[in-house]
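Please look through the structure shown here slowly, one chain at a time, before turning to the place where the chains meet. The paragraphs that follow are meant to be read with the picture open beside them.

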Amino acid sequence: MLATVRNFFSDRNVLEVETPALYPSCNPEPMVESFALTNTVAEMNCLYLQTSPEFAMKRLLAAGSGAIYQICRAYRKSESGRYHNPEFSLLEWYRPGFSLRQLMEEVEALLAAVVPPSQIKHHAVYLSYRSIFNQTVGVDPFLATVEDFLAVANRLGYPEAEAICNGNRSAWLDFLFSHVVQAQLPKQCIVFVYDYPACQAALARLRPQQPDIAERVEVFIDGIELGNGFQELTDAEQQKQRFLAQQAERQQAGLPVPEIDECFLGALSAGLPDSAGIAIGLDRLLMKLCGLERIQQVLTFPLGA
Amino acid sequence: MATYSTNEFRAGLKIILDSDPYSIIENEFVKPGKGQAFNRVKIRNLKNGRVIERTFKSGETVEGADVLETEMQYLFSDGGTYTFMHPETYEQYVADAAILDTAAKWLKEQDTCVVTLWNDVPLSVTPPNFVELKIVETDPGLRGDTSGGGGKPAKLETDAVVRVPLFVQEGEVIKVDTRTEEYVSRVKT
């Protein structure tokens with residue numbers, strides 16, 4: 001599988017890079033926890049294992065690397081289950097000058113090269129978040145209020161959703177997407193869900209004339225999330241604001257608040273070319289290829305059952 | 001009783017939800033990309049046996065249920081209640097007929113059953129997988145009489161009724177699988 005991936009990018013003149021897994025700073029996203037390590041050397045006392053190579057690779061882009069890809073390990077605390085292992089493999093790549101649509105087509109071509117036609121029978125299906133959410137849940141994810149989501153939860157039999165989501169629109173979207181939409185995505189083909197609501201933007205840019213839409217895409221096969229892609233946010237000031245908001249969220253939730261990665265912000269200020277980028281979970285891709293049901297079955301010595 | 005975090009969820013764990021004791025059958029970690037993590041569990045209500053699905057926010061804590069499954073000897077019944085005894089402590093536990101449900105019809109004195117206790121009170125009783133009971137009433141089963149699917153009803157000493165082959169007679173002891181409620185074989189006494 002990896003050989004196929006490397007040949008694919010080699011043919012397209014995308015450079016393979018390696019960035020460190022150990023960093024002096026970490027991802028401030030509230031939903032992801034980084035492993036923190038202590039070092040004996042004073043200047044680099046506290047180090048973190050990367051949750052993804054994103055910040056490092058964007059620094060390379062800002063330095064003029066051109067199109068790059070990386071196959072590496074990522075580390076996330078407490079993520080353990082059928083599709084999660086605290087240590088997992090990512091394929092992440094960035095295409096300066098590509099639109100998100102162009103990147104999706106490249107993802108489609110990559111997956112077609114890796115997954116045999118006997119397993120993926122149809123052409124890729126492109127669905128907007130709004131349309132698939134509306135179709136499966138029955139309300140418009142951009143316009144629905146928390147009360148509308150509550151009504152849906154009662155109708156579909158999720159009495160626990162109210163307390164879990166606690167009036168937070170983003171939490172409701174997470175809940176309904178993972179419990180209702182994902183299982184009903186078309187099967188046996190590659191599915192791209194694009195145009196996410198702004199509150200689910202992560203590191204994606206908001207569409208210039210329609211800021212309620214985040215230029216984000218997710219790739220699914222048989223309802224399993226394989227990848228997360230963005231038209232990357234290149235505006236340093238907006239990125240800084242997002243970081244500050246994330247720090248505030250962490251503070252409020254009583255979670256550790258990491259320092260902001262100034263090297264990364266510096267790179268954005270220096271100028272990140274307009275790029276589309278995506279990360280694919282290689283273990284899950286391998287699972288799909290082998291027809292296996294648990295990520296532990298594709299890892300040599302998985303943590304947890 | 002201890003509390004458990006979703007990180008500790010596993011099949012067989014006993015928890016309290018909506019004031020009832022439940023046993024976890026399956027635990028699934030669900031995390032949409034860049035989003036909140038959940039635990040989606042399949043759980044069995046230990047009072048009524050119903051299986052439901054429920055989601056917990058990852059990191060949430062739930063109350064553990066003081067549920068114990070232990071082997072006990074069935075002593076006797078007085079119609080409304082059934083009394084069991086723990087073979088080691090000799091402690092006696094009394095269960096309402098309602099809790100016994102269909103288990104009652106297989107019980108013979110001295111039989112060993114599995115009693116599920118919640119807060120030290122009987123919640124449910126599981127009879128042994130196989131019981132040997134005497135037939136107290138059944139037709140002779142004349143040869144050639146194949147109407148009724150090749151078998152005949154037989155009433156057992158506990159009042160249970162099972163379908164048995166035609167050659168089995170009144171007074172014989174038979175082995176019954178309590179899980180399928182079917183005749184297994186005759187037992188040589």
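How many helices and how many strands does chain A have? In this predicted model, chain A has 10 helices and 12 strands. Taken along the principal axes, the C-alpha atoms of chain A fill a box of roughly 55 × 50 × 45 Å. For 305 residues, a compact globule would have a radius of gyration near 19 Å, and the 19 Å found for chain A agrees with this.

Strand S2(A) is joined by two bridges to strand S4 of chain A, residues 46–49, and the two run antiparallel. To find this pairing in the picture, look for Tyr23(A), whose bridge partner in S4(A) is Tyr48(A).

Helix H8 of chain A covers residues 236–252, which makes 17 residues, and from its first C-alpha to its last it reaches 24 Å, close to the 24 Å expected at 1.5 Å a residue. Just after H8(A) comes Gly254(A), which takes a positive phi of about 75 degrees.

Chain B has another make-up, for its secondary structure comes to one helix and 16 strands. Is chain B compact or spread out? The radius of gyration of chain B is 22 Å, whereas the globule rule gives 16 Å for 189 residues, and because the value is well over that of the rule, chain B is more spread out than a compact globule. Along its principal axes, the C-alpha trace of chain B spans about 75 × 40 × 25 Å. The domain assignment divides chain B into domain 1 (3–63), domain 2 (67–126) and domain 3 (130–187), and the C-alpha centres of domain 1 and domain 3 of chain B lie 43 Å apart.

Chain B also holds an open sheet of five strands, in the order S9-S8-S7-S10-S11, with antiparallel pairing. Here strand S9 (92–96) and strand S11 (121–126) of chain B stand at the edges, and because each has a single partner strand, one side of each is left without a neighbour in the sheet. Neighbouring strands of this sheet are turned against each other by 45 degrees on average, if direction is ignored. Strand S10 of chain B, residues 112–118, runs antiparallel to S11(B) and is joined to it by five bridges, with Trp118(B) having Val121(B) in S11(B) as its bridge partner. S10(B) and S11(B) form a hairpin with two residues between them, and Asn119(B) in the turn has a positive phi of about 50 degrees.

Another hairpin of chain B is built from S15(B) and S16(B), with four residues between them, and in its turn Glu181(B) has a positive phi of about 60 degrees. Strand S15 (residues 173–177) and strand S16 (residues 182–187) of chain B run antiparallel and are joined by five bridges, and Asp177(B) stands opposite Glu182(B) in S16(B).

Finally, consider where the two chains meet: 14 residues of chain B are in contact with 20 residues of chain A. On the side of chain B that touches chain A, the elements that give two or more residues are strand S3 (20–30) and strand S5 (51–57) of chain B. The residues on this side of chain B divide into four nonpolar, five polar and five charged.

Methods
Residues are numbered from 1 along each chain as its sequence is written. Chains are lettered from A and ligands numbered from 1 in the order in which they are written. This is a predicted model: local features need pLDDT of at least 70, side-chain atom pairs count only at pLDDT 80 or more; totals for chains, interfaces and linings use all residues. Two residues are in contact if their C-beta atoms, placed from the backbone, lie within 7 Å. Ala, Val, Leu, Ile, Met, Phe, Trp, Tyr, Cys and Pro count as nonpolar, Asp, Glu, Lys and Arg as charged, and the others, Gly among them, as polar. Two strands pair if DSSP finds at least two bridges between them. Axes are lines fitted to C-alpha atoms, for helices over the stretch in contact, and angles run from 0 to 180 degrees between N-to-C directions. Domain bounds come from an automatic or database domain assignment. The expected span of a helix is 1.5 Å times one less than its number of residues. The radius of gyration is taken over C-alpha atoms; the globule rule is 2.2 Å times the number of residues to the power 0.38.
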